[in-house]
Amino acid sequence: MNLDLDLVLRAVSRTMPAASRARHLEQWRADVAGAHEAGVRRGDVVRGAIAVALTADRDAPMLTGEPRGTASRRLSRRGVSLLAAVGATSAALWLTADLGSPAVAIPAVIELALAVGRSVLSVALFGGVLLAIALFIGAAALSRSAVVRVAFAVTAFGILLLALAAAHPLAAEVSAAGVGLTVGGAAVGLAAAWRSTPLVLEDRSSPLARRRPVAIAGLVSITVLLVLGALDLLVWNPLAKVPGYELSAIYAEMIAADGFDPALAAQSVAVWGGVWLVAAAAVTVAALTRGGAWLTPRRLGILYLSIIGAALFLRLFAGFSIGMSVADTFGTSGGDVSALSQIFHLVGPISFAAALLLFGWAPGRRMTGVPLTP
């Protein structure tokens, strides 16, 4: 077969639903191979394949291997999770954008890595917005319900308004309209889409051999993060906020000038770390038992990443007393400014966003014992 024709057929087959790609590609290749004997030009076969791809009913069970309506609901679920991930990460970046003061001594390598990381993340967020719009448009196109089509189209338009409002200074009414259209359209569309196709939970399970490495890695990662977070709150962040002082001198000055209680601050940090360590340990123990087969690697990833995101966000409250005491005593800001804190400002929202994406990108459900008819 001509290599160029085969590349075209492979590209066209990639636009078909995943369940039927291999079958279509095999059929088209066979048609091209037998085109000369049938008196048909190979180019006509390729054009026919393109026509099939353009006119195919992409929600048909015979192409998707799923009940009709599932594809639209899946795309909308991914769109919502992606939109939530973009929103949460954008809010976190906005809140922490000015916490790193230039006067604070951060190693040049870390400062450069943070700047590059924020830039890359900004580009990824922009791509996420575009993908969310595409997902809702796809969900609208695949649905047979007029209500769902209109609702998801409105959602896509609302996301576009929000993106324009974030990129350019627009009237507050435009941003409010974008929020209303996005939230309202998504709520109506999801309600209608999920009502038209009843929710069927897939009975997924995973063997212990697959769960064990994820569970152990998750527990170890969270333990290390909590230890570093506690040390940063009690040691490294105060040193970064008051350069030129020893830690003992910082604590002594806070005790004398502000009535600071080191034991109470340590207890607050210990409670913060203990709560999230217990949560991670509970997930790990459940995953390593026989009854934890339902905790697939994806579900474990959602739980561990959610714990990381929540723990790093609530770290603010664990270090509130010591942070404010440093600020009142030495006239500094109340925020965390150490190098590790700046890293945590990125790791936290990224972890939570990753958990949302894993939730939205659930594996597709395949029908069993049901005739695949349109």
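## Cavities and pockets

On a 1 Å grid over the protein atoms alone, a cavity is a set of points where a 1.4 Å probe fits but cannot get out, while a pocket is an open set with protein on both sides within 12 Å along at least five of seven lines; lining residues have an atom within 4 Å of a point. This is a predicted model, where local features need pLDDT of at least 70, side-chain atom pairs count only at pLDDT 80 or more, and totals for chains, interfaces and linings use all residues. Residues are numbered from 1 along each chain as its sequence is written, and side-chain values use heavy atoms, with hydrogens and water left out.

Searching the whole structure turns up 1 cavity of 30 Å³ or more. The largest cavity holds about 50 Å³ of space (a volume is the space filled by probe spheres set on the grid points, which are joined across faces, edges and corners). Helix H10 (208-241) and helix H14 (320-330) are the elements that give two or more residues to its lining, and H10 brings the largest share, 4 residues. Helices are DSSP runs of H or I, at least four residues, and strands are runs of E, at least two, numbered from the N terminus.

## The largest pocket

How much space lies in the largest pocket? About 660 Å³. Of its 23 lining residues, Val86, Ser90, Val129, Ala163 and Ala166 are the closest to the centre. Helices H6 (70-96), H7 (108-142), H8 (146-167) and H9 (172-196) each supply at least two lining residues.

The pocket lining splits into 18 nonpolar, 4 polar and 1 charged. Here Ala, Val, Leu, Ile, Met, Phe, Trp, Tyr, Cys and Pro count as nonpolar, Asp, Glu, Lys and Arg as charged, and the others, Gly among them, as polar.

## The chain as a whole

The protein chain has 15 helices and 0 strands. Its radius of gyration is 27 Å, well over the 21 Å that the globule rule gives for 374 residues, so the chain is more spread out than a compact globule. (That radius is taken over C-alpha atoms, and the rule is 2.2 Å times the number of residues to the power 0.38.) Along its principal axes, the C-alpha trace spans about 95 × 55 × 45 Å.

## A loop proline

Pro107 sits in the loop between H6 and H7. Is Pro107 buried or partly exposed? At 43% relative accessibility, Pro107 counts as partly exposed (buried is under 20% relative accessible area, exposed over 50%, partly exposed in between, with a 1.4 Å probe and protein chains only).
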